[in-house]
Amino acid sequence: MIGAATRVAAVIGHPIQHSLSPVLHNAGFASLGVDWVYTAFDVAPGQGAAAVAAMRTLGLGGLSVTMPHKQEIARAVDVLDPAARALDSVNTVSWRDDGALVGHSTDGAGFVASLAAAGHGVTGTTVCVLGAGGAGRSIIDALARAGAAAITVVNRTEAAAHAAAQLGGSIASVGAVAAVTDADIVVNTTSVGMGDGRLPCDPGLLRAGQVVVDIVYRPRFTPWLRAAQAVGAVTVDGLGMLIHQAALQEQIWLGRLPDLAAMTAAAHASLPPDP
Ligand code: ATR
């Protein structure tokens, strides 16, 4: 039962009313048996630092951060973890023992963990990343930290591709879409195909046996994943990344990983079925 000792955690973003985070986190907290509750706050653009001040004033247990606040919060916290510092982006705020607020970025690590959970380790693999926005950058950073052998970044805007590839250091480079064919793992991080039926690359470039990932999870089985399956590729949808990045947030706040199966079941119960 919610009482005076209950800790409150929340996601801040704008818009936020369609966020799955409360469903995921409350299932995670229940699985851990902790007296925590999780909600969502619609915070207007430019008010992220004020939300961090509110976290200090109200003693919130933890914050999740989504669009459009990830960069602003990187400036509002006291300390950044290595991924958040490299990305200049924060998706998680936690307390340090001395009262400092720490900014973390669990998106990329969540991506790598979701692939591992699906049976696809990334160490030593060649990865083609389509897109170089916030999600793509976090994935490139995490792939390099997890020991990928090579990363090719393919993006419409070349300057953004170069900036993103720098996050991967010597193993990352900017390439053309033909790089899709040689990769062990191909990841769509662009917004192309989110409900518009378009594809992020010609599926004729894909091949049997490749691992093809779309970080979109509404719908779960995107037209691109369908096309990839049709050529015999192994597909991974974006729901796992969402769940794993949330689980890593709870590990940061509480020191233990929640039950991934309970969080997954809660997500399935709350997402509409694919059309
Ligand atoms: P997110 O934070 O979800 O990653 P984002 O930062 O807006 O979102 O990034 C969107 C990505 O989708 C970018 O790589 C963008 O390419 P540009 O850097 O060229 O803008 C890509 N993208 C969006 N619309 C696209 C389109 N119509 N064709 C190709 N790429 C597109």
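A polar contact is a pair of N or O atoms within 3.5 Å; within protein, one must be able to donate a hydrogen and the other to accept it, and residues adjacent in sequence count only if both atoms are side-chain atoms. Keep that in mind as we visit this predicted model, where local features need pLDDT of at least 70, side-chain atom pairs count only at pLDDT 80 or more, and totals for chains, interfaces and linings use all residues. Residues are numbered from 1 along each chain as its sequence is written, and side-chain values use heavy atoms, leaving out hydrogens and water.

One of its oxygen atoms is 3.4 Å from a polar backbone atom of Ser 191. Taken alone, the ligand exposes 640 Å², and the protein buries 62% of that (Shrake-Rupley method, 1.4 Å probe). A polar side-chain atom of Asn 155 lies 2.7 Å from a ligand oxygen, and a polar backbone atom of Ala 135 is 2.9 Å from a ligand oxygen.

Now to the salt bridges (a side-chain nitrogen of Lys or Arg within 4 Å of a carboxyl oxygen of Asp or Glu). The structure holds six, among them these:

| Pair | Closest N to O |
|---|---|
| Arg 96 and Asp 98 | 2.7 Å |
| Arg 145 and Asp 141 | 2.9 Å |

Arg 145 and Asp 141 both lie in helix α6 (residues 134-145), four residues apart, about one turn of the helix; helices here are DSSP runs (H or I, at least four residues), numbered from the N terminus.

Glu 250 sits in helix α9 (residues 239-254).

Technical notes
Helix = DSSP H or I, 4+ residues; strand = E, 2+ residues; numbered from the N terminus.
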